[in-house]
Amino acid sequence: MDRIILIGMMGAGKTTIGRELAKRCGMRFVDCDHEIEARTGVSVPTIFEIEGEEGFRRRETQVIDELTCTPGLVIATGGGAVLSPLNRTMLAERGVVIYLNVPPQVLWERTRHDRNRPLLRVPNPRERIFALHRERDPLYREIADIIVDGGRGNPGGTIRQIRKALEICGKA
Ligand SMILES: Nc1ncnc2c1ncn2[C@@H]1O[C@H](COP(=O)(O)OP(=O)(O)O)[C@@H](O)[C@H]1O
Ligand SMILES: O=C(O)C1=C[C@@H](OP(=O)(O)O)[C@@H](O)[C@H](O)C1
Ligand SMILES: [Mg+2]
């Protein structure tokens, strides 16, 4: 299989699970946000400050286009990668797409003390998480080949679920 692509909300565990999954599958791990940070030399929140969300999204599309043409990768996307129809088409056509589905309350508990997510720098970040989840859940589902429950237990359990699903659909 050429690429495994993880999608889902902020705090769903795409970065955490992706890194570990890649190790276990003998593939290389890349995270779109880390790739953008490496290329620009600044953090994601700094890009939002300087270029706005629009500037960040342009960079994100460029990175998604390049990484989804590179073989042998486990790719962790950012939570907003599915907002653009062009991104959704590239992701859907160029890899096995796995949606880490996590209830918004769990997302909130995982991200509430994290300062690295600019979209949560608002007066009511919990409400924001719930609203983003409502808006994005249908988009994740639209392009997912596999949906796993990423909200319970530890990352190991989620990774086992993913590997089993990949085996069943003959992709691992
Ligand atoms: N079962 C789990 N699966 C994935 N992450 C978990 C789990 N339980 C707790 N976490 C924690 O939740 C956070 C997930 O963050 P991260 O991997 O950065 O998510 P994302 O890249 O989707 O925003 C990490 O701090 C991780 O340790
Ligand atoms: O949900 C979003 O729109 C974003 C999620 C972040 O990635 P994670 O999903 O890895 O936190 C990062 O790309 C940026 O802060 C925007
Ligand atoms: Mg991440």
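This is a predicted model: local features need pLDDT of at least 70, side-chain atom pairs count only at pLDDT 80 or more; totals for chains, interfaces and linings use all residues.
Take arginine 128. It has 18 other C-beta atoms within 10 Å, so it is partly exposed. Arginine 128 lies in helix H6. Leaving out residues up to four places away in sequence, it touches Leu119, Leu120 and Val122. Now a distance for arginine 128. Glycine 78 is 50 residues away along the chain, and the two C-alpha atoms are separated by 16 Å.

Asparagine 101 is found in strand S4. Its count is 19 C-beta neighbours inside 10 Å, so asparagine 101 is partly exposed. Setting aside neighbours within four places in sequence, asparagine 101 is in contact with Gly8, Ile147, Val148, Asp149 and Gly150. From asparagine 101 to isoleucine 17 it is 84 residues in sequence and 13 Å in space, C-alpha to C-alpha.

Then arginine 163, in helix H7. There are 14 other C-beta atoms within 10 Å, so arginine 163 is partly exposed. Arginine 163 and isoleucine 4 are 159 residues apart along the chain, yet 11 Å separates their C-alpha atoms.

On to the ligands. Ligand 1 is surrounded by 16 residues. The closest are Gly13, Lys14, Thr15, Thr16 and Arg110. By class, that shell holds 5 nonpolar, 9 polar and 2 charged residues. Which helices each supply at least two residues of it? Helix H1, residues 14–25, and helix H7, residues 155–168. H1 gives the largest share, 4 residues.

Ligand 2 has its own shell. Among the residues around it are Met10, Lys14, Thr15, Asp33 and Val44. The classes here are 4 nonpolar, 4 polar and 3 charged. Note Lys14 and Thr15.

H1 has 12 residues. From first C-alpha to last it reaches 16 Å, close to the 16 Å expected at 1.5 Å a residue. Which residues of H1 are buried? Lys14, Ile17, Gly18 and Leu21. Viewed down the axis of H1, these buried residues fall within an arc of 100 degrees, so they line one face of the helix. The general rule behind that: an α-helix has 3.6 residues a turn, so residues three or four places apart point the same way.

What does that face pack against? The buried residues of H1 pack against strands S1, S2, S3 and S4, and against helix H7. After H1 comes glycine 26, with a positive phi near 65 degrees.

Last, the core. The largest nonpolar core has 34 residues. Ile5, Leu6, Ile7, Ile75, Ile98 and Leu100 touch the most other members. Strands S1, S3 and S4 each give two or more residues to this core, and so do helices H1, H3, H4, H6 and H7. In general, nonpolar side chains tend to be buried together in soluble globular proteins.

Look at isoleucine 5 up close. Not counting residues up to four places away in sequence, isoleucine 5 touches Ile75, Thr77, Leu91, Gly95, Val96, Val97 and Ile98. Two of those names, Ile75 and Ile98, are also in the list of core residues that touch the most other members.

Technical notes. Residues are numbered from 1 along each chain as its sequence is written. Chains are lettered from A and ligands numbered from 1 in the order in which they are written. A residue is near a molecule or strand if its C-beta atom, placed from the backbone, lies within 6 Å of it. Ala, Val, Leu, Ile, Met, Phe, Trp, Tyr, Cys and Pro count as nonpolar, Asp, Glu, Lys and Arg as charged, and the others, Gly among them, as polar. The expected span of a helix is 1.5 Å times one less than its number of residues. A residue is buried if 20 or more other C-beta atoms lie within 10 Å of its own, exposed if 12 or fewer, and partly exposed in between; C-beta atoms are placed from the backbone. The arc is that of the directions from the helix axis to the C-beta atoms. Two residues are in contact if their C-beta atoms, placed from the backbone, lie within 7 Å. A nonpolar core is a set of buried Ala, Val, Leu, Ile, Met, Phe, Trp, Tyr and Cys residues joined through C-beta atoms within 7 Å.
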